[in-house]
Amino acid sequence: MKNLRWGLLAAGTIAAEFAAGVEESKHGVLEAVAARSGDRAAEFANRFEIPKCYGSYEDLLADPDVDAVYISTPHPLHGEWAIRAAEAGKHILCEKPLTVSVSEAEKVIEAARVNDVFLMEAFMYRLHPQIRRLAELISCGAIGEVRAVDVAFSYNFAVPRLTDPALGGGGIFDVGCYCTSLARLVSQAATGQDVVEPDEVLGMARLDQNGVDEFASGLLRLPGGIIAQLSCGFQLTQDDHIRVYGSQGQLYVPKPAWIHEMRKPKTSQIVLTPEGGEPEVIEVEATQGLFAREADHVATHLADRQAPELTWAETLANLRTLERWRAAVTR
């Protein structure tokens, strides 16, 4: 397979994690980086030995040696630059959420379709062997009929973008998106459907003076009669976890793949407890870093224009769920 030449559109913390992943990948190389500041782009390029750096996103998109772009700007800028990347003929990996509205996401997807480029929302956790094994256990009936799921992703560390509504602030769009994605995946694995959406969405949150959700809870009624409890936030530390309850037992993931320490190659655990039985620890080995896996996943499915785990229909379904949760907490 020909190496995929990456351009990084923004040079923040998550871009650095992805750059390190590309360095470890089998099919990717770092070609260029762009930032709003030329000095920042140059510093980033020097750190990762990237041959080209630009002080504008437009210049990176004009570079004929860039095959694909990784977009990690603040959330409200995702849509604009994903569309411009598509129009420049670049393949696209865009950080979650793809956009901050369903209507804008539909425009991004249409731009990718019209310009015949690959597009994937960067939910890297979905590619982890741990999550794939969890879905397999559910679909094969390891805990019988799935009845409920409980998932939390919440921390206490506010950065400026999270408290600013103009930058898409709030816990629901920042980390609650993982919770909705995981809950929906459980329902999909349990019912055999490719994409599902909740029949009902309820929610409560603590909002700051600007209407930003600092931490929130959600309750979803999913296909298969599954009830999902979700917890997320950036002003409240909770134990990140996944619990799936069935008629014949339960599954527990104490360290979900989105936790920082799980992004490196290591063994993770899923605890299977049969109804009335003793817990069984299932070890799942990851031999590749999560961002390296993500970069290689894009390269592998480039010709398909969509990734099988993260189709455009999947992205839209998750965004619709997030919009409904956000609406529920701001009524």
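How many salt bridges does the structure hold? The structure holds 22 salt bridges, a salt bridge being a side-chain nitrogen of Lys or Arg within 4 Å of a carboxyl oxygen of Asp or Glu.

1. Basis of the note. The model is predicted, and local features need pLDDT of at least 70, side-chain atom pairs count only at pLDDT 80 or more, and totals for chains, interfaces and linings use all residues. Residues are numbered from 1 along each chain as its sequence is written, and side-chain values use heavy atoms, with hydrogens and water left out.

2. Nonpolar core. The largest nonpolar core has 108 residues, and those with the most contacts inside it are Trp-6, Phe-44, Ile-92 and Leu-182. Such a core is a set of buried Ala, Val, Leu, Ile, Met, Phe, Trp, Tyr and Cys residues joined through side-chain atoms within 4.5 Å; buried means under 20% relative accessible area, exposed over 50%, and partly exposed in between (1.4 Å probe, protein chains only). Helix α8 (residues 171-191) gives the most to this core, with 11 residues. Helices (H or I, at least four residues) and strands (E, at least two) are DSSP runs, numbered from the N terminus.

3. Surroundings of Ile-92. Apart from neighbours within four places in sequence, Ile-92 is in contact (heavy atoms within 4.5 Å) with Val-69, Ile-71, Ala-82, Ala-85, Ala-86, Val-117, Phe-118, Leu-119 and Met-120.

4. Helix α4. In α4 (residues 78-87) the buried residues are His-78, Gly-79, Trp-81, Ala-82, Ala-85 and Ala-86. These pack against β1 (4-9), α3 (57-61), β4 (68-71), β5 (91-95) and α5 (102-114). Just after α4, Gly-89 takes a positive phi of about 80°.

5. Packing of α1 and α9. Helix α1 (residues 13-24) packs with helix α9 (residues 290-300) at an angle of about 70°, their axes being 7 Å apart. Axes are lines fitted to C-alpha atoms, for helices over the stretch in contact, and angles run from 0 to 180 degrees between N-to-C directions. The two helices, α1 and α9, are therefore roughly perpendicular to each other; angles under 35 degrees count as roughly parallel, over 145 as roughly antiparallel, 65 to 115 as roughly perpendicular and the rest as oblique. From α1, Ile-14, Glu-17, Phe-18, Gly-21, Val-22 and Glu-24 make the contact, and from α9, Phe-291, Ala-292, Glu-294 and Ala-295.

6. Salt bridges of Asp-174. Asp-174 and Lys-96 meet through their side chains in a salt bridge (3.6 Å, N to O). Asp-174 lies in helix α8 and Lys-96 in the loop between β5 and α5, so this pair ties together parts that are 78 residues apart in sequence. Asp-174 counts as buried at 3% relative accessibility, and Lys-96 counts as buried at 8%. Asp-174 also forms a salt bridge with Arg-161, the closest N and O atoms being 3.1 Å apart. Arg-161, in helix α7 (residues 160-163), and Asp-174, in helix α8, are 13 residues apart. Arg-161 is partly exposed, with a relative accessible area of 32%.

7. Other charged groups. Glu-110 and Arg-113 meet in a salt bridge (2.7 Å, N to O); both lie in helix α5, 3 residues apart, about one turn of the helix. Arg-5, Glu-31, Lys-52, Asp-63, Asp-65 and Asp-67 are linked in a network of salt bridges.
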